[in-house]
Amino acid sequence: MSTETFEFQVEARQLLQLMIHSVYSNKDVFLRELVSNASDALDKLRLAALRDDTLDADVSDLHIELEIDPDARTLTVRDNGIGMSYDEVGELIGTIANSGTAQFLKELKEAQDAAGAEGLIGQFGVGFYSGFMVADEVTLLTRRAGEHQGTRWTSRGEGTYTLERVDDAPQGTSVVLHLKPADPDNQLHDYTSEFKVREIVKRYSDFITWPIRLVGEKGEQGDDGGTGPETLNSMKALWARSRDEVSEDEYHELYKHIGHDWREPLETVQLHAEGTFEYQALLFVPSHAPHDLFQQNMRHGLQLYVKRVFIMDDCEALLPAYLRFVKGVVDAQDLSLNVSREILQQDRHIRMMQRRLTKKVLSSVKSMMTGDSEKYATFWREFGAVLKEGLVTDPDNRDALLAVASFASTHEDGEAVTLKQYVERMPDGQDDIWFVTGESREAIDNSPHMEAFRERGIEVLLLTDPVDEVWVDAVGEFEGKRLRSVAKGEIDLDARKDDRSEDELKQQAEAYAGLLGWMRERLEDDVKEVRLSTRLTVSPACLVADANDLTPALENMYRAMGQEVPRSRRVLELNPDHALVKGLNEAYGEREDRSELTDAAELLYTLAVVAEGGRPKDPARFVRLMADRLERTL
């Protein structure tokens, strides 16, 4: 048969050169592309045979074969699928991606770096031509099912290719790669290594529907115990099978494989979405939080497959960041194999999938909460802090997140409480949901801000995660009840355990007016106001922020993130029933020279700072003042 030589179009030649001098750091993907093409060809033949029972094609043993010849340095990818006719080879292989090639080259010129170029290659697709990343020459032999003559296509990727009609071609397509020498420094591995080929198939193509067989060398043991080809892929796409067809052990083994975890998952979540955009998802909630859960460089995301072909390991676009602990697989039917991370972030189908997957995970957490309290308690202990990030970043799912969130509380039963439960047991006359934030439960329990609430038996939520400082402001209210900090603003607790009349309280305020004004002048660098407290019963003083001010912890958090925050002054509240405050007020009224009282006022303020876990502005001065006062008492 005569051989014809053709020239690639100019754009196609440029694109080939990009493949030959590839910017891809991971050249292993060439085998993924070729195996995926072979799998598509087998799918098409099976469909064609179902539609046309007169089709002269062998569908008895559809499969993909890989054959290695180390001496000739060739790797062959072969299928017995639909194949191509002579004209189809010219159209599909002779011209590269005629839709999009010019646009690809235009955008590639505008890409500033190799990473950008790699993303574009992923966007526009390379398919068959990725073979030129690892081969000096590529030979394709194909025969369309039902036809009797085949076609051979050959090219070195240097601007021309040849086409030849062949009489003795088998049904399907084989691609022979004449491999370049291995170059580990440039991520060009030795693809004549059976170990390497097995590794790539296991990583990228393990769940392909069709068997991928490695043709063994003479005398090598095959699957049946004798000599013959060895099947490399498991073909077990667990996510595509119904729940009753898969054992828990199989699910757990898959989780351990993709999650790199030796423990069993806490929960398995399965989702099958049908309609205009079909996909299956199999997700796992771990039983323990990873050590890097709150580190910025944590790798997270789900494994993304397209028609059982592995695309990427950490697809962050499929779940919001506050669900970054979830592991699993998503297999989409209608995405491009070469979709890039940049495109995923903008794809409307991906956004639809993210919304659906997020709701499914939160629904599963809700089921744990109502059906298995022990499992839910484990979940919240491990992942509650990160889930609360969603209260700030995902307003669309805020109600669903609040429904599965629980918090420690001062309620006598000691169990975690939801906001709904808190509201249901609020006494008549209480209009607000009270909370307190702090570094630890111990620090909160000893906080002076809690004294009046504890005495009056008012339930307070105890929030000890850093994110709590942020979400309470973002949420603001629940079922019409304001979320209020016990350490902010003025409080007026109706259930006062105080039998003093309004006139007596007014007289008390007048008695302390002089001291409060004087202390405000002396402490003006540190406080904006000094007033009598309605929240203290034991401690002499405490510091409170105005309702809209940042808390000290939140200020420190912003500074740790590199954001400059002006230092805010707070309000110093004094307990008029405390002996120290009473004595200070009496001394203020009796003495003309109040210079000595200045140190006492400064000490009182600093004690309030220390009581809430803060650090004195000048620790050495604080120690000197305390030592001096102690000395006078001896």
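Strands E2 (64-69) and E8 (residues 212-214) run parallel and are joined by 3 bridges. Strands here, like helices, are DSSP runs numbered from the N terminus (H or I over at least four residues for helices, E over at least two for strands), and two strands pair if DSSP finds at least two bridges between them. This is a predicted model, so a few ground rules come along: local features need pLDDT of at least 70, side-chain atom pairs count only at pLDDT 80 or more, and totals for chains, interfaces and linings use all residues. Residues are numbered from 1 along each chain as its sequence is written, and side-chain values use heavy atoms, with hydrogens and water left out.

**Around strand E2**

- Leu 66 finds its bridge partner in E3 at Val 77.
- The hairpin of E2 and E3 has 4 residues between the strands, and Arg 73 takes a positive phi near 50 degrees there.

**Salt bridges**

- A salt bridge is counted when a side-chain nitrogen of Lys or Arg lies within 4 Å of a carboxyl oxygen of Asp or Glu; the count comes to 39 salt bridges.
- Side chains of opposite charge can pair when their charged atoms come close.
- Arg 213 also meets Asp 61 through its side chain, in a salt bridge of 3.0 Å, N to O.
- That pair links distant parts of the chain, 152 residues apart: Arg 213 is in E8, and Asp 61 is in the loop between helix H2 (29-51) and E2.
- Buried means under 20% relative accessible area, exposed means over 50%, and partly exposed is in between (1.4 Å probe, protein chains only).
- Arg 213 counts as buried because its relative accessibility is 18%, whereas Asp 61 is partly exposed at 33%.
- Lys 388 forms a salt bridge with Asp 468, and their closest N and O atoms are 2.8 Å apart.
- Lys 388 lies in the loop between helix H10 (373-387) and helix H11 (390-393), while Asp 468 belongs to helix H16 (residues 468-475), so this pair ties together parts that are 80 residues apart in sequence.
- Lys 388 is buried at 4% relative accessibility, and Asp 468 is buried too, with a relative accessible area of 0%.
- Asp 546 and Lys 528 meet through their side chains in a salt bridge (2.9 Å, N to O).
- Asp 546 sits in the loop between strand E21 (541-544) and helix H18 (552-560), and Lys 528 in strand E20 (residues 527-532), so the pair ties together parts that are 18 residues apart in sequence.
- Asp 546 is partly exposed, at 27%, and Lys 528 counts as partly exposed at 24%.
- One network, joined by salt bridges that share partners, takes in Glu 490, Glu 529, Arg 531, Arg 535 and Glu 573.

- E10 pairs with strand E11 (residues 279-285) in the antiparallel sense over 7 bridges; His 272 has Gln 280 as its bridge partner in E11.

**Nonpolar cores**

- A nonpolar core is a set of buried Ala, Val, Leu, Ile, Met, Phe, Trp, Tyr and Cys residues joined through side-chain atoms within 4.5 Å.
- The largest one has 75 residues, and those with the most contacts inside it are Phe 325, Leu 357, Phe 379, Leu 387 and Trp 471.
- H9 (residues 348-371) gives the largest share of this core, 8 residues.
- A second, separate core of 63 residues includes Phe 8, Phe 132, Ala 135 and Leu 163.
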